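This report describes the strand arrangement and the charged side-chain pairs of the structure shown below.

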Amino acid sequence: MSKQLIVVIGATGTQGGSVVAALLKHAAYAVRGVTRSPDAPAAKALQEKGVDVVSATLGDKASLIKAFEGAYAVFGVTVPFTQDSEEVQGRNIVDAVRAAKVPLLVWSSLPSATEVSKGKYTTIYPFDQKNAVDKYIPTVGQPAVILHTGWFADNLLHQLNPDLNNSKKWNIMFSLRRETKMPSVWVGADLGNIVTAIIDHWEDESWKQRLTKEPIAVAPYEISGGEQAHILASVAGKEIDYVQLTDVQSPYAEQTDVHRQALKDLGNFMDEGLFKYPDHSVLLQKLGVKTHSFEDYVREVVVPHLQSME
């Protein structure tokens, strides 16, 4: 029996990379990775693992249709603050999946910040533009499972910095208040397994109804910056504190007023407790997915990182 082809957008990124890694462990699937730079070292590393790496861009619908040919399922994700809005990118993905007659789209998204805040926050574009695609999907009749991701535990390595005044101390540096809780997920360990489990269950009609009823929250736990620092200090046996930043810098190459305002509003949105999800842990468990805690991430990733810095 030939393997079912699963196409993964952003195969060399955090989300796509997690999905590719999980699919490669599954004997039933062949994996095609979509990337803008198939000659990059990360793409070549995937090719060496047996991934069919192809070039396509989210702003070019024709290139996506070609990349999706013959696929059983597509994992779709967009990139914020680029020339094409995430809504345009997402619509292109949906239209290309539909044109290529792909039975399933697994779409990585977020809730609408404008709707959740009842119109208070209208500039948090990564939330609103992704969510606009959620609403577009049913209008074209594309079968899809929508995932609403949490904050990425994987980002912690970028937020963890040595203290300038104490060589034995580390600080988690971020813009939120110390006590603000965030729905969170270790993307590298969990997202790929969740996507793979969804694809595994897609042919079961009862599961298809459950999976498409509403967006599925992919955020196994809630945690604050202060709690992160406490757990990290306890597990790593080091002095670690949480420091709230007063000036939020955009992670994108071109720092613009749009970026600054979006990040500022996103911080306020979270600080006001508006980034909340329903608990879908039972659903994930029934799918057969064992998710990880923040402590798991600390033990498996952060502690070895700190040890390598000594």
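A residue is called buried under 20% relative accessible area, exposed over 50%, and partly exposed in between, with a 1.4 Å probe and protein chains only. The model is predicted: local features need pLDDT of at least 70, side-chain atom pairs count only at pLDDT 80 or more, and totals for chains, interfaces and linings use all residues. Residues are numbered from 1 along each chain as its sequence is written, and side-chain values use heavy atoms, with hydrogens and water left out.

**The sheet**

Helices (H or I, at least four residues) and strands (E, at least two) are DSSP runs numbered from the N terminus. Two strands pair if DSSP finds at least two bridges between them. Seven strands form an open, parallel sheet in the order β3-β2-β1-β4-β5-β6-β11. Its edge strands, β3 (52-55) and β11 (216-218), each pair on one side only.

Strand β1 (residues 4-9) is largely enclosed by the rest of the structure, because five of its six residues are buried. Six bridges join β1 to the parallel strand β2 (residues 29-35), and there Val8 has Gly33 as its bridge partner.

**Salt bridges**

A salt bridge is a side-chain nitrogen of Lys or Arg within 4 Å of a carboxyl oxygen of Asp or Glu.

| Pair | N to O distance |
|---|---|
| Lys169 and Asp241 | 4.0 Å |
| Lys181 and Glu227 | 2.6 Å |
| Glu205 and Lys208 | 3.6 Å |

Lys181 lies in strand β10 (residues 181-185) and Glu227 in helix α10 (residues 225-236), so their pair ties together parts that are 46 residues apart in sequence. Lys181 is partly exposed at 36% relative accessibility, and Glu227 is partly exposed at 32%.

Lys169 is buried, with a relative accessible area of 16%, whereas Asp241 is partly exposed at 25%.

Where do Glu205 and Lys208 lie? Both are in helix α9 (residues 205-212), three residues apart, which is about one turn of the helix. Glu205 counts as partly exposed at 49% relative accessibility, as does Lys208 at 23%. Elsewhere, salt bridges with shared partners join Asp163, Lys169, Arg178 and Asp241 into one network.
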